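The sequence and the model come next, followed by notes grouped by topic.

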Amino acid sequence: MQPYLVPIGVLFPCMADIKVGTTVHRFDLSPILAIFRLVPEQGHHFPPYRAGQYVALRRDNCRLTKRVVQSDGRIIYLPDLDEHGNQRRGPVTHSYSIASAPYETEREGWLEFYIILEMYADGKPGRLTESLFQMDSEDDNRVTYFTKIAGDFTLERRAAPFDNVVFVGTGTGLAPFASMIKQLHHEGKDGPFGRKRYTLFHGNRGSAELGYHQQFLDIERSGILDFVYVPTVSRPSPEEYRDHTLGKGRANNLLRAVFGLPLKEEENVLRAHELGEDSEPAEALARRAVRPVLPAHLSRTQLLERMTSENTVILTCGNPRSMEDILHVAAVRGIKCEREVW
Ligand SMILES: Cc1cc2nc3c(=O)[nH]c(=O)nc-3n(C[C@H](O)[C@H](O)[C@H](O)COP(=O)(O)OP(=O)(O)OC[C@H]3O[C@@H](n4cnc5c(N)ncnc54)[C@H](O)[C@@H]3O)c2cc1C
Ligand SMILES: NC(=O)c1ccc[n+]([C@@H]2O[C@H](COP(=O)([O-])OP(=O)(O)OC[C@H]3O[C@@H](n4cnc5c(N)ncnc54)[C@H](OP(=O)(O)O)[C@@H]3O)[C@@H](O)[C@H]2O)c1
């Protein structure tokens, strides 16, 4: 008797949404930060997407953890061990903002990601990112992806009516902005651009971690877009201190400096005084904070002109506390602010 064959996608509709891609390029900015390029499963294309969207990636050999509630109610995640004391392995899926521009994917086929190796408080690596960073180009380069591309952190949805768009990305929170700026630059090549002005603050610990740095400098220099790039390093080495093309300090503090506001750490000291709390811990942090310095070729006045309250939107992505502060700063200045939720 002929077996009755049901297409697998009918039995398991969600399985039809999963494919296995291959990593074809990896550029290490540091031992814990890399740009990965993923090509789709053979015979397939990635679906179309808008700059600012994200996609879910999975690896199946991740070291698994289990949730443990401690006696004080705190939740921690510990290695999930089998009966022989070996850490169980299995699939872990997470979302990643797409750092490639849609035109790059159309032309080249790949999606690009700017990913940091997650570290738990005890120094152990995150489940999925450990597996991604351990991939080797020859034998173990497969990454499962979901074919649904999601998210509404796009220029169309978040920035359409504004003349001034200010991006503030910390760490890998740059990824959606990298996609947007590359796409805008590409589209700008095809005809006269509108009167929108784009300003990007990207803060990371050191200059090696400033992903897409040269590309942003090139885009700025090309003059095709009205684009100003403000790179800043929060842990400058002596050499980076001497490099006047780089900003210094955390991105949120640089933005505060442009607006003439105190550093976040200084504001915390004032708040402790107001509340009558012990201000010493906040003072110690304020003393250690790296003072914000703009790249030498940029002035406060020039940047302020690009951030007038009535027609500016700030888009921010990355460190949650940095985003909180940027929302606060924007509210103080009466500027609309949108953040990527993650
Ligand atoms: C929309 C979106 C876009 C993103 N884009 C980027 C990007 O462009 N680049 C980037 O580097 N990252 C991005 N991320 C973060 C990314 O999705 C992952 O959270 C990150 O890479 C860590 O994954 P991991 O498996 O290595 O860490 P995990 O092992 O998942 O650890 C992360 C935290 O989860 C907790 N945890 C550990 N084990 C468990 C468990 N068993 N169950 C539940 N929680 C647990 C721990 O508190 C730990 O600190 C994005 C996230 C979102 C939501
Ligand atoms: N799109 C997303 O959803 C997304 C994007 C990126 C990252 N993530 C997640 O974020 C985590 C960290 O990744 P990362 O290295 O990219 O970023 P990060 O560790 O947050 O560091 C990047 C920059 O943020 C600054 N920063 C740290 N704490 C801050 C604070 N409290 N206030 C203001 N600035 C602060 C750092 O300054 P210092 O040098 O002074 O610490 C550094 O300049 C990872 O777990 C990753 O999974 C998610």
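Ligand 1 has 19 residues around it, and those that come nearest are Thr65, Ser95, Tyr96, Tyr120 and Thr129; a residue counts as near if one of its heavy atoms lies within 4 Å. This is a predicted model, in which local features need pLDDT of at least 70 and side-chain atom pairs count only at pLDDT 80 or more, while totals for chains, interfaces and linings use all residues. Residues are numbered from 1 along each chain as its sequence is written, chains are lettered from A and ligands numbered from 1 in the order in which they are written, and side-chain values use heavy atoms, with hydrogens and water left out.

**Ligand 1**
- A nitrogen atom of ligand 1 is 2.7 Å from a side-chain N or O atom of Thr65 (a polar contact is a pair of N or O atoms within 3.5 Å).
- Oxygen atoms of ligand 1 lie 2.6 Å from a polar side-chain atom of Tyr96 and 2.8 Å from one of Arg127.
- On its own, ligand 1 has 960 Å² of accessible area, of which the protein covers 76% (Shrake-Rupley method, 1.4 Å probe).
- Strand 6, strand 7 and helix 3 (127–133) each give two or more residues to the shell; helices are DSSP runs of H or I with at least four residues, and strands are runs of E with at least two.
- Strand 6 supplies the largest share of that shell, four residues.
- The shell around ligand 1 has ten nonpolar, seven polar and two charged residues; Ala, Val, Leu, Ile, Met, Phe, Trp, Tyr, Cys and Pro count as nonpolar, Asp, Glu, Lys and Arg as charged, and the others, Gly among them, as polar.

- Six strands form an open antiparallel sheet in the order 6-3-8-1-2-7, where pairing requires at least two DSSP bridges between two strands.
- Strand 1 (residues 18–30) pairs with strand 2 (residues 33–39) over seven bridges, and Ser30 stands opposite Leu33.

**Ligand 2**
- Among the 19 residues around ligand 2, the nearest are Glu118, Thr172, Ser234, Arg235 and Trp342.
- For Arg250, the distance from a side-chain N or O atom to an oxygen atom of ligand 2 is 2.8 Å.
- The protein covers 79% of the 890 Å² of accessible area that ligand 2 has on its own.
- Its shell has three nonpolar, eleven polar and five charged residues.
- Ligand 2 lies between domain 1 (8–150) and domain 2 (155–339), because both give residues to its shell; the domain bounds come from an automatic or database assignment.

How values were computed:
A polar contact is a pair of N or O atoms within 3.5 Å; within protein, one must be able to donate a hydrogen and the other to accept it, and residues adjacent in sequence count only if both atoms are side-chain atoms.
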